[in-house]
Amino acid sequence: MKIEIKNLKKKFNDNFVLKDISLTIEKNKSTIILGESGCGKSVLIKTIYKLFEFDSGSILYDGKSEVDIDKFSMLFQYGALFDSLKISENIAFTDFINNKTNFERKVLSLMNDVGLNKSIFDRYPSELSGGMKKRAALARALYKNPKVIFLDEPTTGLDPINSDKINDLILEVITKRKITAVSITHDIKSAIKTGDNYYFINDGIIQDKGDCKKILKTKNKIFKSFIIGAKY
């Protein structure tokens with residue numbers, strides 16, 4: 001799915017969080033949204049996902065203003081697994097809450113895709129490491145075969161080794177499944193490794209954009225300062 005955003009503005013009370021955002025999320029590509037906390041990137045993602053209304057501008061999904069949000073999925077920052085549910089029930093949550101019981105084969109297939117052993121099928125999140133929880137959360141995000149997957153700080157809370165593993169996994173999954181991916185992050189290494197195109201947001205506007213492989217060559221002073229602050 002291709003998503004085109006033009007002159008988007010979003011405010012809360014009298015405060016504009018998104019001041020004038022225009023960008024294109026290419027079909028089957030990985031787009032990275034970079035920026036400091038509070039810059040507006042999370043609000044942007046939630047607005048694209050139709051969790052928020054916007055004040056002006058436009059969002060087109062394959063050329064249309066309306067979209068079935070069941071085509072979207074989200075990998076939340078800290079996984080957001082339900083502690084009271086087994087891993088299998090977490091992954092198959094959309095079917096589980098509708099009392100469907102024939103999800104075992106699909107869950108096992110997804111667990112294999114994200115590198116989880118079938119031995120944890122009936123375990124609970126509290127019994128898993130941070131990296132395993134992130135993998136389970138990714139499997140849940142893939143469960144309904146989304147056209148677009150949003151990834152909210154996918155490497156947050158992980159050590160460098162597990163961060164690299166998750167980045168490799170994300171890259172493998174979105175390429176194999178031909179999914180349009182949109183990630184918000186402050187992790188420069190992750191952006192370079194997993195992204196095709198990037199947009200850098202500062203104070204509600206896009207300050208820089210380009211090819212993720214050329215991030216470190218940016219001439220934008222504000223973005224350069226962000227990169228240094230991110231301790232690349």
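How many aromatic pairs does the structure hold? The structure, a predicted model in which local features need pLDDT of at least 70, side-chain atom pairs count only at pLDDT 80 or more, and totals for chains, interfaces and linings use all residues, holds 10 aromatic pairs. Residues are numbered from 1 along each chain as its sequence is written, and side-chain values use heavy atoms, with hydrogens and water left out.

Rings of Phe, Tyr and Trp (its six-membered ring) pair if their centres lie within 6.5 Å; planes under 30 degrees apart count as stacked, over 60 as edge-to-face and the rest as tilted. The rings of Phe12 and Phe52 have centres 5.5 Å apart and planes at 80°, so this pair is edge-to-face. Phe12 lies in strand β1 (residues 3-12) and Phe52 in the loop between α1 and β4, 40 residues apart, so that the pair links distant parts of the chain. Helices (H or I, at least four residues) and strands (E, at least two) are DSSP runs, numbered from the N terminus. Ring pairs also join Tyr49, Tyr61, Phe72 and Phe150 into a cluster.

Burial is judged by relative accessible area: buried means under 20%, exposed over 50%, and partly exposed in between (1.4 Å probe, protein chains only). Phe12, at 33%, is partly exposed, and Phe52, at 27%, is also partly exposed. Helix α1 (residues 41-48) is largely enclosed by the rest of the structure, because 6 of its 8 residues are buried. These buried residues are Lys41, Val43, Leu44, Ile45, Thr47 and Ile48. Just after α1, Lys50 adopts a positive phi of about 65°.
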